[in-house]
Amino acid sequence: MADNGAQEAAVDISVSARASIPFGDNSVWADVSPLLESACKDLRDGDLIHGDNFNLFAAMSALEIMDPKMDSGIVCKYYSVDEAIENGAAPVPISFDKTVDVQRTIDIMDHLLACEATWHKGHSLAQTVFSCIYLLRPDRTSSHALLHSYCRVIRATCKAVISVVSDARTHEEEDLFTMAYGLPLDGDGDEKCLSLLNAVEETTSRQLRACKAQSSRRRVLEDIEPLQTNLDLEEGYCKALLCRLRFRKHFYHVLTSMRRPQGRGLELARKHISSCILELECILKSSEFLRSSACGSCEDVLDDSTTGSGCQPVGFDASLNSRLSAPTPPRAIKILSWKKAIEYFVKLLHDLDILCSYSLDPLLEGVLQFLVQFQKSQPDLVARSHLQLLLLQDGKLYGRDSIFAVITRAAALPEVTKNHNIQKNEYIVQLGQLVINMLKILCTNAAWQRRKLGKMLQDWRVIYVQLELVFRKDFGEVSSIPDDENICVKIFQHILLWVEEQTYWIASRFLILGFELELYSPSEYCMVYWYIYVVLIKLAEKTHLKMATRNDTSKRKAKKKRDSLKDMGREYRIPPAVLFVQCQMFLVEGLTMLLAALANEHMIVQSPSPFNTEQERFIQHFELLQKACVPDHISYPSFKESTAYARFSMPRGLQRRPRVVLPMTLKNWLNSER
Amino acid sequence: MDTKNEEEETRKVEFEPVEIEYVSYGGEHHLPLIMSLVDQELSEPYSIFTYRYFVYLWPQLSFLAFHQGKCVGTVVCKMGQHRNTFRGYIAMLVVIKPYRSRGIATELVTRSIKVMMESGCEEVTLEAEVTNKGALALYGRLGFIRAKRLFHYYLNGVDAFRLKLLFPSPELFSSLPMITNNEDSHRHTDHMPPEECCELH
């Protein structure tokens, strides 16, 4: 039945000439509507033809033709870039009226800035910057100096930014950003974009001087054609153009300076950054002039206009690249407003400035602190990629210090050890990789970062175990070892301690980031603070032990040199780094007990959930920490035990400060310090 | 993918909770009802294949809510082996605006989760926009935690939370007090559930 119907319909297929869509070389359009209709009659309601491997992904990738929500082809105004150009979508020159031409050029520059910011914020290049028809056909603009030079520098800038982000690539956040397939990013001669830009800037400066001289009735020294025909507006337009050209010039310089190896270009980059910010201020101010002299029917400038003048720009069509976008039907995206775009660039420049002023601290502790601090302002992808490339080049810190040197310093070992042969040990090499990986992860967005930090814990535990095994195997008993091996013992001891310390640091970051990411609901705060507390206890312990071991080492050396008299009266003070961790520790202890007391005294009530208990939620939140035994012997029952007696008020006779049940090792350790 | 989070005033319909009839997915005649509800509330388009995928393979996990013969809400789910766990997934949840904040969504979800639990699922998961306070509160009350934050998950740049509910492991199962007398408490619930929502992975 089905076959006959289809065959009949096949006979009726006719070729319809759709003039707007051209035939291909070996193909011809044929109308299959009758065929489809017959096929439809052969399926009953609810029937579906599908292969065995038709899964959810396939189902969701399917689209219904001619549904504008799914079929991007249906919403296109033009079939191709060429058709758009033929229909006058991107005229060159934009207008034969020079004033209008300048106005429209500035609108294009502004809209491109808005597109660029939208791209940086996470949309595809094809739907943003390259929605500009002028950019898609680089050769067409060669007769229009302003547009041509501007397009070149945009392309060169995009290319430079893509290069940074793709070199720093850690995960899929970058994939959409760097996707430039089919886009003309490699314009011929784009490297010379700056010289072209300089020439245009020079011309515009002369035009500005000329019109200023004219207005002050001085003799006109410049023999130059004015920018546009309306003398009253000449100064305003020259200025508006200049700050835009200069911003692009300085921004391009920022990118190239920052890429110089080992931080050599950072100081120069800072100068260009401050120039960029100045020019952005001028650009923002120019909006008033542009709006008042805007031609055509521009409605009241809405806050989400993408240009300074409030007018719609000429020459943009996001649907032209729909075939170059992601495989799934591209949705319409909203371009950031011009004001928001400027705000974005100001923030980006400030973030880059922080990177450029960073002192390149050789101590890992300092690096980690800098990373945590920098991430607090929620820098975007471009800034974070620059951060990562600043930190790690050629597998070294700042392209300068070997990772093993970083580790030995972090482990409080003397400088001489940084070249020790032990760095060739396979587990030490692996440890180096873990450090590099950790630094890269700390440069990613907080959501991704936290997941990776959690997964990392297992790796750090494993490397600890492996190093410990090697240590035991090679050195067994510590006593009676020749001097050279003594150094190895020392190195291993310190590194082992430091690995533990670093593991607990990672765990504490994992837990604390949960607050920033709003992953905890208030009913879970108590158990989270408690877990942070037990992790910080360990962190303080390991940090302190590591520093104490170093002091021991130096004390021993001092005794050898018979400097013992100096040492004798010296009071032992807890190092500031340890005190800091202890402060945090007491803070979270207090918070834990406060919340536990509130719950125990029924001042905060949690309605029980129908499907599970607090224990399941505990298991879920701390799964990765439990799996890696960070720390060991911690469980839901121990949480409940620790907080069961927290109260605000106690009968006189039983006065007792509520405190967390401490593990024995910590109690002893704390007592020995007092 | 897309979640509705509207707060606009709509004329509410007055009804008693008992007037809402909850029905398990019964076949092809229910599909257009589900599709029109979801199409109406979501800007994200789904092909018919997507709907059929869910309701054909797991009809027992989809439920519809009717008021006086009119379909006012629906939930669409799936379950299956995912790496080492057998887990349920809530794909779509819709209640039309005039019927929101009355516990209908909670009831729909609860029914589906119960079936998942009885079918041996170890956990249930879904994604929700971080701004969808209603959904987060609804699922939070049912015992879901925010397991992960997904950066820029939605096209408009909004992040998502992956929500997960872990069922207690079998030994502790019987010690749960709430499981047995759930139905009544949900029907006659008086507290103010927040806005209902739609989600889809």
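## Basis of the description

Because the model is predicted, local features need pLDDT of at least 70 and side-chain atom pairs count only at pLDDT 80 or more, while totals for chains, interfaces and linings use all residues. Residues are numbered from 1 along each chain as its sequence is written, chains are lettered from A in the order in which they are written, and side-chain values use heavy atoms, with hydrogens and water left out.

## Chain B

Of the 201 residues in chain B, 57% count as buried. Here, buried means under 20% relative accessible area, exposed means over 50%, and partly exposed lies in between (1.4 Å probe, protein chains only). The accessible surface of chain B is about 8700 Å², and carbon and sulfur atoms account for 52% of that surface. Such areas come from the Shrake-Rupley method with a 1.4 Å probe; for residues, only the protein chains shown count as cover.

## Where the chains meet

In the interface, 46 residues of chain B are in contact with 41 residues of chain A, where contact means heavy atoms within 4.5 Å. The area buried between the two chains is about 3700 Å², of which carbon and sulfur atoms give 66%; buried area is the accessible area (1.4 Å probe) that two parts lose on being put together, summed over both.

The count between chain B and chain A is 1 salt bridge, defined as a side-chain nitrogen of Lys or Arg within 4 Å of a carboxyl oxygen of Asp or Glu. A salt bridge joins the side chains of Arg149(B) and Glu518(A), at 3.1 Å from N to O.

## The nonpolar core

A nonpolar core is a set of buried Ala, Val, Leu, Ile, Met, Phe, Trp, Tyr and Cys residues joined through side-chain atoms within 4.5 Å. The largest one holds 250 residues, and Ile495(A) and Ile90(B) touch the most other members. Helix H18 (residues 483-516) of chain A gives the most to this core, with 15 residues.

When residues up to four places away in sequence are not counted, the residues touched by Ile495(A) include Phe404(A), Ile407(A) and Leu467(A).

## A buried lysine

Lys546(A) belongs to helix H19 (residues 525-560) of chain A. This lysine counts as buried because its relative accessibility is 5%. Leaving aside neighbours within four places in sequence, Lys546(A) is in contact with several residues, among them His494(A), Trp498(A) and Glu501(A).

A cis peptide bond joins Val92(A) and Pro93(A), with omega of about -5 degrees. Pro93(A) is found in the loop between H4 and helix H5 (98-120) of chain A. Another cis peptide bond joins Val630(A) and Pro631(A), with omega of about -10 degrees; Pro631(A) is placed in the loop between helix H23 (623-627) and helix H24 (636-643).

Cys629(A), in the loop between H23 and H24 of chain A, has a positive phi of about 55 degrees although it is not a glycine. With a relative accessible area of 32%, Cys629(A) is partly exposed. In chain B, His152(B) has a positive phi near 50 degrees and lies in the loop between strand E6 (145-150) and strand E7 (160-166).

Methods. Helix = DSSP H or I, 4+ residues; strand = E, 2+ residues; numbered from the N terminus.
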